[in-house]
Structures are given as C-alpha cells and as structure tokens.
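Hi,

Here is the model I said I would pass on. Have a look at it first, and my notes follow below.

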Number of protein chains: 2
Amino acid sequence: MIPHGRGTDRTTNFHAHHAPVGALATYTCGKHHHDTGAGHESGQAPPHGLFAGYRDGTGADAILNLFPFFPVKPDDLARYIGSAESAATAQAGAIPRRLFDDRELRREVGWCSERWLAGDAELAIFTPLNELPDPACAPAAAQRDAFIPATTLRFTVSNPGTRAREMLFAATYHPGWRMLNGINGLANRRGYGFATDQAEAQRFTAFSPEWEYTRAHGGAAFGGVAGFRLVVPPGQTRTMTIAVGWWHEGIVTFGKRMAYWYTRLFGSIEDVLGHALARADAVVAACAARDAELMAAKLDDEQRFLIAHSTRGYFASTQLLDDGGTPRWIVNEGEYLTLNTLDLTVDMAFFEARFQPWALRNVLDQFAAEYRYSSRVYDPAEPARLLPGGVAFTHDMGGNNTFSPDGHSVYETAGIDRGCFSYMSCEELTNWILSAGIYWRQARDAAFLAHHAALLVACQSSLLNRDHPDAAKRRGYMQCEDERCAGGGEITTYDSLDHSLGQARANGYLAGKMWACHLVLAELFAASGRDDLLPAGREAAARCAAAITASADAATGIMPSILTDPASAPIIPVIEALAYPAWMGLRKAVSPAGPYGAMVTALRRHLLAVLKPGLCLYPDGGWKLSASADNSWASKIHLCQWVAERVLDVAVDPRSHRVHADWQRTGAASAGVSDQFRSGVCHASAYYPRIVTTILWLNQGR
Amino acid sequence: MIPHGRGTDRTTNFHAHHAPVGALATYTCGKHHHDTGAGHESGQAPPHGLFAGYRDGTGADAILNLFPFFPVKPDDLARYIGSAESAATAQAGAIPRRLFDDRELRREVGWCSERWLAGDAELAIFTPLNELPDPACAPAAAQRDAFIPATTLRFTVSNPGTRAREMLFAATYHPGWRMLNGINGLANRRGYGFATDQAEAQRFTAFSPEWEYTRAHGGAAFGGVAGFRLVVPPGQTRTMTIAVGWWHEGIVTFGKRMAYWYTRLFGSIEDVLGHALARADAVVAACAARDAELMAAKLDDEQRFLIAHSTRGYFASTQLLDDGGTPRWIVNEGEYLTLNTLDLTVDMAFFEARFQPWALRNVLDQFAAEYRYSSRVYDPAEPARLLPGGVAFTHDMGGNNTFSPDGHSVYETAGIDRGCFSYMSCEELTNWILSAGIYWRQARDAAFLAHHAALLVACQSSLLNRDHPDAAKRRGYMQCEDERCAGGGEITTYDSLDHSLGQARANGYLAGKMWACHLVLAELFAASGRDDLLPAGREAAARCAAAITASADAATGIMPSILTDPASAPIIPVIEALAYPAWMGLRKAVSPAGPYGAMVTALRRHLLAVLKPGLCLYPDGGWKLSASADNSWASKIHLCQWVAERVLDVAVDPRSHRVHADWQRTGAASAGVSDQFRSGVCHASAYYPRIVTTILWLNQGR
C-alpha cells in the first residue's frame with residue numbers, strides 16, 4: 001500500500017474509483033468536502049455524500065466525527081474543520097460535526113484496495129482484479145463472482161474510551177428508498193442499494209444523518225439519506241462489512257436494445273448484495289494478494305500509485321451488456337460516455353490482453369461487423385476527385401448508452417478541416433489493426449484470424465491507399481483524406497491538440513502507427529498463410545520508416561511533427577508506435593541493428609533531443625507531448641515512457657513519475673482519474689479509462 | 001382565450017404546464033430565460049431549453065430571432081434583449097440572437113391551449129381535456145386517444161419580406177439522440193422524442209442551434225440539442241405540427257412493480273408520435289371547443305385563468321400505471337412526488353368526479369386494500385393508556401415512484417408533536433370518507449358501496465373513537481391521538497402552518513370535516529340499507545355542529561381555530577367542510593333553516609368577521625387562511641371561496657381573483673403551478689395539482 005496523508009508528503013485529498021466490472025458504475029471517494037459515492041452511467045462524481053464516522057455522546061453533548069467525504073459549502077467549512085462546530089453557530093437541534101482533515105487523515109492506496117484512517121475509524125474499499133472469465137462460455141458461478149455489480153467496503157470503529165459511541169454509515173442519494181427483506185439493507189429505486197453483515201446495525205432513511213437521531217419511522221421515510229447506525233460499546237470495536245451494489249434491469253441502451261449482462265446472473269438487488277456479503281472475505285483476501293503483487297514490482301511508489309489509480313479508473317468505464325444472449329464488452333470514454341472509442345481501445349489493449357483478451361476480441365468483432373465502412377479518399381491537391389480508398393472504422397459506436405447507426409460514430413462530423421469532431425478514418429484503421437495484433441499475440445486465436453481474413457486483406461489495401469492510391473505517389477505517411485470529411489481534413493486521437501498532433505495528414509505519429517500496422521499485418525498474414533501479401537507490406541513499412549527517418553533535422557536530430565513541414569513542432573509520440581512490435585516480441589523490428597534500425601536510432605536521437613525543458617518537458621520534469629501545445633495526455637505519456645525505457649533504452653527521470661502522479665492527485669483531484677492536462681491541471685477527459693497503459697510497466701518481462 | 005402581454009396588464013413571464021394524461025410528464029413553458037421543456041417524473045422545470053424562432057439571412061448577416069424560452073445567464077441577457085447582440089461581443093462564429101420580450105410578446109391562455117405570438121412567429125401548445133375512459137374496460141382505440149403520452153404543438157412562421165428565412169424548432173436535452181425511422185423525428189434514450197408532419201423539415205442534433213449551421217453529420221451527433229429547420233420562402237408561411245412524446249417502458253416503480261399504462265396501448269415512441277401527429281387536427285379542434293366553453297362561463301378572466309392554469313397543472317402530476325393488467329391511478333403531490341396523498345385526493349375529488357370518476361374510485365380502492373391501518377388512540381391526558389381507535393388511512397402510498405410497504409406512508413413519522421411529518425390519522429380518515437361520498441354522489445355505484453360496506457361501518461366507529469372512545473367524553477371534535485404518534489400529536493393537511501391549522505386535536509377545521517363525514521356516512525348507510533347506523537351518526541354530527549357553533553365569540557362571532565382555546569387565531573377553513581354536503585346536494589344540511597342552521601349561521605357570521613385586513617385578508621385583498629400565519633394554500637382558498645359564495649351567500653370580492661391569479665403568474669412564475677404562498681410568493685408546493693379545486697367555479701349549477 002502506498003501511504004498518503006499524515007506523515008507523508010502526498011495529499012489524501014483526491015477522488016479515486018472503486019468500480020465493479022462491467023456495470024458502468026463506480027464508488028467514487030477521496031476528495032474532501034466534495035460529491036462522493038455511488039455513481040452510475042455518469043462521467044462525474046455523483047451529487048451525493050458519504051457520512052462515515054461516529055457519534056460520541058448523546059443529546060446536547062453529542063458530536064459527530066466524520067470523514068470529510070460529503071459536499072460542504074465553503075461557508076460551512078470553517079465551522080467543521082479542525083474543531084467542533086460551536087453550539088452557538090450550530091443550527092438549532094443539529095449535532096455538531098467534526099470533520100477529519102489532512103492533519104490526522106491517513107490514506108493507503110493499493111492496487112485493489114484503499115484505506116482511510118482517522119480518529120478511531122478505518123474505512124476500506126475493495127475491488128478485486130481478476131483474469132475475467134469469458135461471459136460467452138464461462139460457468140455461471142464464475143461469472144457471478146467476476147461480474148457482480150457491487151463493491152465491498154469495510155468500516156471499523158473502536159471505542160477505547162468510556163463514553164457512548166455509535167458508528168454511522170450513511171449516504172445522501174435521491175429519495176425513493178425502501179428497506180430490503182431478508183437482508184439488512186436498503187435499496188433505492190434508482191438502482192442502487194447497500195447492505196451489511198452486521199445484524200445489529202440499525203438501518204434508517206432521513207433527510208440528514210442528524211435528523212435520524214430525532215425521529216422514528218416505520219419504514220423508509222421521506223428524504224434521500226439512508227444508512228446504518230451501530231453501537232460500539234466502551235472498550236470494544238465493531239466492523240461492518242458493507243456491500244454497495246447497483247441494479248438496473250431491463251433494456252438500458254437505445255439504438256440497439258441491450259440489458260446489463262449481470263441481470264442474467266442475478267435476480268435482484270438482494271441477490272447482488274447477498275452474494276457480495278457472502279464473498280467479502282474472499283474478495284478482501286484477493287485484493288490483499290494483488291496489493292502485495294504491486295508492492296513487490298520493481299517500480300517506485302509513484303508508478304505503483306499510477307497503476308493502481310488507473311486500473312480502478314479503467315473499470316469505472318466498463319460495461320458488459322447482454323445483446324439477446326450475446327455478451328457485448330463496452331468501455332466508455334470516461335466523462336464523454338462514448339461507446340468503445342477505438343482510439344482508446346488500442347491503448348487499453350495492453351491491459352485487456354492481460355486480464356480479458358476475450359473482451360478485446362469482442363470489441364474488434366463489433367467494429368468489424370457493425371462499425372466499419374468502406375470509403376473513397378481524395379488528394380487534398382484535387383479535393384473534388386475521389387479515388388479508391390478502402391475499409392475504415394468509426395471513431396466509436398455511439399454515446400450515452402445510445403448506439404449509433406451501423407457504420408457511423410456519434411463523434412465524427414463532416415466538413416471540419418482538421419479540428420475537433422472531424423473524421424479519424426486513417427487513425428482508426430491503424431487502431432483496429434494494431435489492436436488485432438495485440439489480441440493475436442496474446443491469444444493465438446486462429447479462429448479470429450480466419451473470421452477476419454478478408455478484412456485483414458482489405459485493411460492492408462486501405463492503408464496503402466490512404467497513403468496514396470497511386471503507388472507511384474506513396475510516401476510512407478497518410479496523404480489522402482477520407483471522402484467523409486466532405487472537403488475537411490482528418491484528425492488523430494489527439495483531437496484537441498494543435499496540428500502537431502491533431503492533424504492526421506503527414507503526421508509522424510500516424511506514420512509510425514502505419515509502419516507498425518504493416519508489421520502487425522505481416523504477422524497475421526504469415527500466420528494465416530497469406531505470404532503473397534508480405535512483400536507489399538514490407539515495402540510499405542520501409543517507406544514509413546524511411547519517411548520518419550528522413551524527417552530528422554541533420555544537425556539536431558529533431559523530427560517535425562508534420563513530416564512534410566520542417567517548421568512544425570516536435571512531438572514525443574512519433575516514438576509511440578514502437579510499442580506494438582515491441583510488445584508483440586518482434587525484437588528485430590525495434591532493434592537498432594534490425595531492418596528499421598535507422599529509424600529506431602533516429603527516434604532515439606529525437607527523443608533525447610526533445611526531452612528538454614522548453615521542448616517536450618515541463619520545467620518540473622513532467623512530459624509534454626508536443627513542444628507547441630500545453631495539452632498532454634497521461635495515457636500516452638506512460639505509453640511513451642515504456643517505449644523510451646524498454647525499446648529505446650532511454651532512462652526516464654523518476655521525478656517525472658512523481659509529477660505525473662501529482663497531476664492525478666492534485667491536478668485532477670475531483671476527476672477520479674484523468675487523461676488530459678494543461679501544465680499539470682486536468683482540463684478535459686475526466687473519469688478516463690485510457691491511462692491504464694500504465695500496465696505496461698508490469699509487462700517488462702515480455 | 002385570456003390575453004396576456006402586450007396591450008394587457010398581465011405578464012407573459014410565467015411557466016405553465018402542458019401535460020398528457022397519466023404519464024407523469026409535462027411540457028413546461030412560459031417563464032423567460034428559464035429552464036423550459038419536456039420534464040418527466042420531476043417536480044421542477046427541466047434543466048433544458050426550447051429554441052423556437054427563425055433565422056434571417058445567412059453567413060455573417062444572419063440573426064436568430066427566438067422566443068425567450070431557454071435559460072440565459074444574467075450576464076448574457078443584456079446582449080440578447082431588445083436588440084441583436086453586436087458582432088463585436090458575439091462569440092466568434094456565433095449567430096447573433098435576438099430574443100422576443102414582453103414589449104412584443106403576446107400570450108393567450110385557454111383551458112386547453114396556450115399561444116405565444118411575437119415577430120412573425122406563433123407557437124401554440126394543445127392539451128385536450130376529456131371525460132377519460134375507464135382503462136379497466138374501455139376499448140383500446142379510445143384509450144390510445146385519451147392516454148397517449150404526448151403533447152401537440154403548432155409552430156408557425158411567416159416571411160412577409162424578401163430575405164432568406166428559416167424557422168428553427170430545437171430543444172436542449174441530455175445527449176443520447178437518434179433519428180427515428182418511418183417518421184420525421186428524433187428520440188432520446190431518456191424516453192423523450194418529438195416528430196413533425198412537415199416532411200421538408202430537416203432534423204439535426206448538435207451542441208447548440210448555432211453549431212448546427214456550421215456542421216453536417218450523417219446521423220445523430222454528439223450534443224444534447226435536437227431539432228428541426230425549415231425554409232420559409234419569401235412571401236410564404238410554414239406551420240410545423242410537432243408532437244412531443246414520452247416513452248418509458250418496463251418497470252418504472254419500486255416497492256411494487258408497475259409499468260406505465262401507455263405501454264399497453266403503444267408499441268414504441270414512433271407509435272406514440274405517429275398517433276399524436278395523426279390526431280393533431282382533432283386535438284386542436286377539441287381544445288378550441290374547451291377554450292370556448294371556459295370563455296362562455298359566467299366568470300371573470302382571472303377565474304378563467306386560474307381554472308385553465310390549474311387544470312393543466314393537475315395533469316402534470318397524474319400517473320396511470322399498469323399493475324399486472326390492473327390500472328392504478330396515481331396523482332403525485334407536485335414537487336414532492338408523493339403518491340396519492342389522500343389529503344390532496346379529497347380536494348381534487350371534485351375535479352375527478354367530473355372528468356374521471358373511475359380514477360377516484362381507483363384511488364379509494366387502493367387505500368382501502370393497501371394503505372389503511374387499524375390503530376388504537378390515547379387521550380393526551382393519559383398518553384400511556386391505549387384505548388380503542390379504529391381504521392385510519394395513510395397520508396400517501398409512497399413517493400418518487402416508490403411504493404411504501406402496505407399500511408405505511410412515506411411521509412408520516414413517529415414521535416413528532418404536532419409538527420411537519422407527524423401522522424394525519426384522523427384527517428385522512430375524514431378524507432377517505434368524504435372522497436367516497438363525492439364518488440358515490442357522482443357515480444351512484446352500488447358495487448362500490450357493497451364492496452366497502454364493512455369498511456364504512458368501521459369508519460364511523462373510528463371517527464367516534466377519535467373524538468373519544470368513551471361515549472360520555474365525546475365533544476364533537478378530535479380529542480384522542482393515534483398510537484402511531486408514539487407520544488407526539490397528529491397534524492392536519494396544513495402541515496407547515498402554525499397550530500391554528502396544523503394541529504389536529506380540537507381543530508375547528510377538522511371538526512367541520514368530521515361533521516361532514518357523518519352526513520356522508522348517513523347517505524352511504526341509507527343507500528346500503530344500514531339505517532341502524534344512522535342515529536349514532538346524527539348524534540355525532542349534532543355534537544360537531546354544536547361544538548363549532550359554541551366556539552364563536554358572542555360579541556364578534558369569530559371562532560378560534562382550536563375550539564378549546566378561545567385565544568387561538570381565527571381561520572377561514574372552519575367553513576371548508578360545508579363544501580361536501582353542498583356539493584352532494586344535501587341542501588338542508590347547509591341551510592340556515594336546516595338541522596345545522598345554527599352552525600351555518602354562525603359560520604357565515606365568522607367568515608364575514610374574519611375577511612378583513614389584519615385578520616384573514618392580505619392588504620391587497622388576497623385571502624389569508626389563518627390570521628396568525630403568513631402561509632396560505634391556493635387550493636383551499638378557491639374551495640372556501642366557493643363555499644362562501646354558494647353556501648354562505650357571502651360575496652367574494654373579485655379583486656381577490658386578480659390577486660390570486662398574480663400569485664400564480666408572478667409569485668410562482670417558475671413553479672408551473674403552486675399551492676403555498678407567503679404574502680403572494682410561492683415558498684413551497686411547486687408543480688402542485690391540488691388547486692384544481694377551481695373546477696368548483698364551473699359546477700355552480702349543482
């Protein structure tokens with residue numbers, strides 16, 4: 001566990017996710033005085049609060065000691081912090097509240113558990129990380145364990161003194177609570193509930209926790225607060241295991257009609273919560289083992305933190321759906337809630353290959369069957385003349401649980417010239433190919449190759465045409481725009497960056513990906529007996545490598561982002577695509593002594609030249625993806641750091657790990673986990689799953 | 001139609017509802033620069049906006065003329081109002097907006113339609129008012145017309161000039177739109193959609209209406225705005241009929257499992273919108289007939305406004321559910337979303353008896369089967385000694401689509417002594433009996449009497465015991481508290497008022513209702529051959545009347561609110577219960593010459609004495625229900641005004657109608673319709689259905 005708070009130089013004051021698998025739900029907790037708690041199908045912390053603590057004394061002497069995990073208006077803060085609210089300023093009848101703060105709070109962060117300690121209380125949250133069974137064929141029992149839409153908490157309060165003490169665990173939520181039968185818990189009509197194993201815990205609903213101390217109700221009352229109270233006698237300790245669960249039955253998507261997969265596995269919220277409580281000990285033990293595994297890795301604590309934080313963040317965006325009996329794996333694009341954004345898929349593929357390769361194939365199959373299109377291209381020199389293009393893939397499958405019509409994303413829009421919301425045809429083509437390569441390397445799934453044999457051939461052809469349909473004009477990078485741009489121009493995944501990374505045409509980053517695609521396709525063609533297609537791929541890969549190599553300034557070694565424009569700013573991600581052959585074990589391809597050795601050597605020189613303050617480093621050592629833009633993607637930084645160290649043998653300054661960890665903890669304190677930063681401050685892409693590229697740090701052995 | 005705005009002294013700047021029947025949905029429109037549009041299962045205006053208007057010109061010369069029906073930040077307002085936003089201050093690329101304001105806006109309010117006119121645009125909304133067929137037995141075709149979850153709009157723009165003009169109808173909403181097949185419309189995954197009959201109207205989705213003018217998208221794009229554009233050529237006029245509809249399938253309640261009844265009648269949102277468009281002409285004609293009916297009534301325009309506003313407001317809270325094939329009629333308690341609050345049922349019974357008596361029986365049956373209880377009582381002099389009580393009914397059936405356990409409301413809470421959230425056992429007992437009386441008078445439904453024969457007997461016994469179980473101690477008003485109060489004390493429907501109306505015990509208002517109950521029970525017993533029960537009822541009624549009569553101050557004629565406390569403030573609603581026998585046609589009972597003539601005469605004297613500024617009139621002539629509280633319920637005012645005029649022959653100053661209409665238009669401008677006011681300003685009970693007591697003004701003939 002990585003310590004934070006009292007006695008460390010790391011703040012405790014940031015949100016993190018604690019999410020089940022595939023429920024598009026998360027328990028978000030950690031930021032002080034802020035929205036906290038159970039969220040669902042949302043890209044921001046829910047407008048709720050958690051009241052976890054204990055009441056000392058009764059009547060006029062009572063005081064409520066609480067973790068600071070609920071919204072507090074700035075005006076009220078002074079009354080709560082550090083000392084008890086005075087009786088004079090307290091609302092008539094209200095119980096004074098004392099909130100724990102960073103002077104006494106400790107927070108321990110693990111891969112699968114987090115723990116907060118203050119006063120005589122300890123709150124822990126557990127989210128196990130498993131190799132997930134394939135829902136298409138795994139036994140139901142294994143699936144119930146893996147895909148249960150619940151998160152497990154343990155809340156402990158001791159009473160070393162002699163006063164009356166009562167622990168309190170309550171949440172603000174929407175009204176609409178009811179008491180559950182057969183289990184000590186409550187559920188809300190908006191698909192959320194919680195239950196405890198402590199039979200003596202007294203459940204209640206109320207307008208506020210204090211209100212509960214003055215009233216009594218036969219059932220669930222008005223008000224959005226629900227929770228438990230439990231007496232902790234002097235000299236004793238009580239632990240409540242609490243399962244928080246989500247339950248949304250029926251059709252939950254639009255455009256295509258699907259339900260949550262977990263409704264096949266469970267019959268009700270009571271079933272979910274009961275199973276979660278029954279498994280709590282096993283879950284806690286499994287989490288402890290993962291926590292230990294991470295702490296044993298040869299990484300520093302900041303890297304460990306980033307892996308833990310991003311792993312839990314990733315699962316908050318996952319959604320396993322039931323399409324008439326067939327599972328659909330969806331990863332939402334963080335706060336944007338876009339379904340299976342393909343330019344995220346490729347970055348998350350390293351993680352998914354390790355823990356759920358079936359999910360990666362599931363997404364690739366969905367794109368192949370429904371979200372690809374065939375289009376023509378045009379040379380910007382002659383925009384009116386449409387030329388042969390080929391297959392491409394959509395940016396996404398829709399958004400906000402709403403599937404787009406087949407062949408269309410919700411994101412891409414015609415008529416935009418290299419700006420946000422334009423098409424990413426070429427970039428997504430490379431992303432499908434590269435993800436397929438990762439899947440193949442992991443699963444060696446011959447059926448996958450056979451199923452997509454024709455598509456893979458079409459991918460090669462399209463890749464070549466998007467350079468140029470006229471073989472004589474091919475240059476090794478994307479030159480032709482997709483006709484869907486309707487006169488505009490394509491972009492890359494770096495959509496909100498300037499042209500150094502945002503423009504697809506002639507971009508070095510994308511040229512690298514095209515190079516890697518030809519290597520991947522060569523692997524797949526070789527495995528499927530299509531040696532006839534290898535020569536064209538070899539030629540194309542060589543063209544890409546040559547174009548990239550040739551772009552370097554002879555004096556400095558720096559490559560421009562736009563290969564055709566020596567004045568364009570340098571970028572780090574021109575090295576990014578080395579990750580794919582490297583991860584796949586194609587050692588020669590990424591060796592300075594191999595067939596692309598000139599490019600590898602040039603890229604190393606480029607990287608060393610740009611990793612300097614004023615170019616691609618912030619003054620504090622944080623990485624800046626483009627020298628010309630203050631807009632840096634955490635996921636891509638971690639990916640490129642892995643390439644730097646594992647492929648290019650460029651040592652990464654460990655100070656950068658601390659900087660990047662603080663981007664998450666401080667710069668994105670309320671964002672749960674974030675991917676986009678300006679000078680270390682999150683400015684977009686909150687709740688973002690993509691930074692799970694950190695998993696590469698644990699794949700060092702490959 | 002009652003004119004508002006330009007050329008009148010009535011503001012146009014207030015929200016009103018335009019709701020289908022039983023969908024707990026409403027199109028809320030009218031307040032300027034405010035949340036506007038389609039709401040669902042919510043007690044406040046939805047956080048959306050309506051962009052209705054037209055764009056003149058194109059490119060840099062374009063200007064967007066809009067009705068002011070979307071939220072505008074105060075800082076932005078100056079740019080929009082009165083004159084076009086200047087190019088200098090406009091956001092780069094944004095089209096200047098010009099918002100119509102009260103200097104040019106006209107608004108016409110009818111019973112079933114509303115119309116806004118400004119510039120060259122006219123926007124009208126139609127919600128027909130019909131005698132609703134009984135869903136338990138009516139043919140499906142009649143039910144599809146009556147219970148369609150849709151509201152019809154007509155939007156007309158003319159282009160008398162020579163410039164290019166394009167009309168725009170668009171709404172902000174959540175993201176998650178898709179284009180519908182087979183109908184020119186769009187639907188959102190959150191159960192809302194709209195469609196138009198104009199085949200040429202071009203549908204779109206976007207981040208903002210202006211954004212739409214710069215982009216193109218193959219399907220439904222990112223962004224929450226969806227709408228239509230339609231060219232209006234110079235010299236021509238275009239009218240779009242637009243159906244807005246709601247569609248929530250599957251189980252929508254919690255605690256008990258029910259769906260919306262309309263999902264039995266329609267197969268999809270396309271079906272809903274298509275049927276609404278097909279019926280638009282018939283709907284518009286039906287609305288015009290109702291509008292004319294209201295204008296022909298012998299009332300002033302302010303009363304007509306109040307009837308129209310409250311009728312449309314009432315339906316916004318209605319919910320017809322499907323309980324496994326059995327219809328359930330629910331009226332939600334406005335912003336509180338409490339299910340079938342029984343103390344509202346009794347006031348709305350006059351309206352329901354006229355338009356849907358089956359709904360009133362449906363609610364009474366639900367209470368009888370599930371939300372009644374039998375309890376003991378105690379004399380506050382001896383709180384520990386529980387005495388025989390009898391049947392009572394819960395305050396409500398739950399809240400927020402969540403049914404409470406049988407026998408319990410979500411509202412009532414033990415241990416509160418005559419404060420908000422205490423029990424209303426005696427008040428609700430009277431409300432069930434009085435509502436049953438209204439239903440019987442309207443429907444003469446012998447099966448209803450037979451079904452509830454035993455319950456009616458139990459009601460009489462409970463009424464007597466809640467005065468006092470010891471016959472010798474009965475005084476004609478409630479003396480004993482329900483055991484559920486657990487040491488506290490019961491309240492009345494006036495829960496947030498001071499003890500003059502909030503305390504149930506010995507309250508003159510409640511004593512009046514108990515008196516009316518004995519008269520109602522006498523009618524029901526006589527009709528069901530239980531003449532044996534009549535003498536006890538006659539005695540009890542006489543006791544109630546005597547107690548009320550005796551409470552009057554000999555010198556002033558003023559009665560105290562608490563019959564046992566001559567110092568308690570006088571109230572208007574001591575006269576309220578005269579409404580029930582009067583409405584039922586029991587002329588003798590409410591005649592000065594009848595058996596209760598002394599009470600009737602005393603009540604008349606009381607009313608005349610308290611209808612004075614400083615007592616029960618505000619300085620401007622508005623009615624103030626209690627002399628000691630600045631908290632006045634509109635529904636009860638309109639009910640008592642009817643009693644004053646029709647029973648007590650006390651003329652009501654018509655200036656009060658204007659005052660009460662302005663409470664709605666100005667004091668509750670953003671509340672849709674409201675029931676509670678402090679000095680004319682809404683302070684609670686927004687979106688409230690209860691003020692449909694105004695329907696009594698149209699029942700003058702009975």
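The axes of helix H8 (residues 342-355) and helix H10 (residues 425-443) of chain A cross at roughly 10° and come within 8 Å. Axes here are lines fitted to C-alpha atoms, for helices over the stretch in contact, with angles running from 0 to 180 degrees between N-to-C directions. Helices (H or I, at least four residues) and strands (E, at least two) are DSSP runs, numbered from the N terminus. Among the H8(A) residues that meet H10(A) are A:Val346, A:Phe350 and A:Ala353, and the H10(A) side includes A:Trp432, A:Leu434 and A:Ile438. Contact means heavy atoms within 4.5 Å.

Some housekeeping before you read on. This is a predicted model, in which local features need pLDDT of at least 70 and side-chain atom pairs count only at pLDDT 80 or more, while totals for chains, interfaces and linings use all residues. Residues are numbered from 1 along each chain as its sequence is written, chains are lettered from A and ligands numbered from 1 in the order in which they are written, and side-chain values use heavy atoms, with hydrogens and water left out.

Now for how the chains relate.

One arginine in chain A is worth a click. A:Arg466 sits in helix H12 (residues 453-467). It counts as buried, at 0% relative accessibility (buried is under 20% relative accessible area, exposed over 50%, partly exposed in between, with a 1.4 Å probe and protein chains only). Its side chain reaches the backbone oxygen of A:Gly390 at 2.8 Å.

Next, some strands in chain A. Strand S6 (residues 63-66) of chain A is covered on both faces: A:Ile63 and A:Asn65 on one side and A:Leu64 and A:Leu66 on the other are all buried. Strand S5 (residues 49-56) of chain A runs antiparallel to S6(A), joined by four bridges; two strands pair if DSSP finds at least two bridges between them. A:Tyr54 has A:Asn65 as its bridge partner in S6(A). Six residues lie between the strands of this hairpin, where A:Gly57 takes a positive phi near 75°. With strand S7 (residues 97-99) of chain A, S6(A) pairs in the parallel sense over three bridges, and A:Leu66 stands opposite A:Leu99.

Last, a sheet in chain B. Three strands make an open, antiparallel sheet in the order S2-S3-S4. Strands S2 (16-18) and S4 (37-40) of chain B stand at the edges with a single partner strand each, so one side of each has no neighbour in the sheet. From one strand to the next, the twist averages 40°. Helix H7 (residues 301-316) of chain B packs on the sheet, touching S2 and S3, and its direction makes about 60° with that of S2(B).

Cheers

Note on methods:
A polar contact is a pair of N or O atoms within 3.5 Å; within protein, one must be able to donate a hydrogen and the other to accept it, and residues adjacent in sequence count only if both atoms are side-chain atoms.
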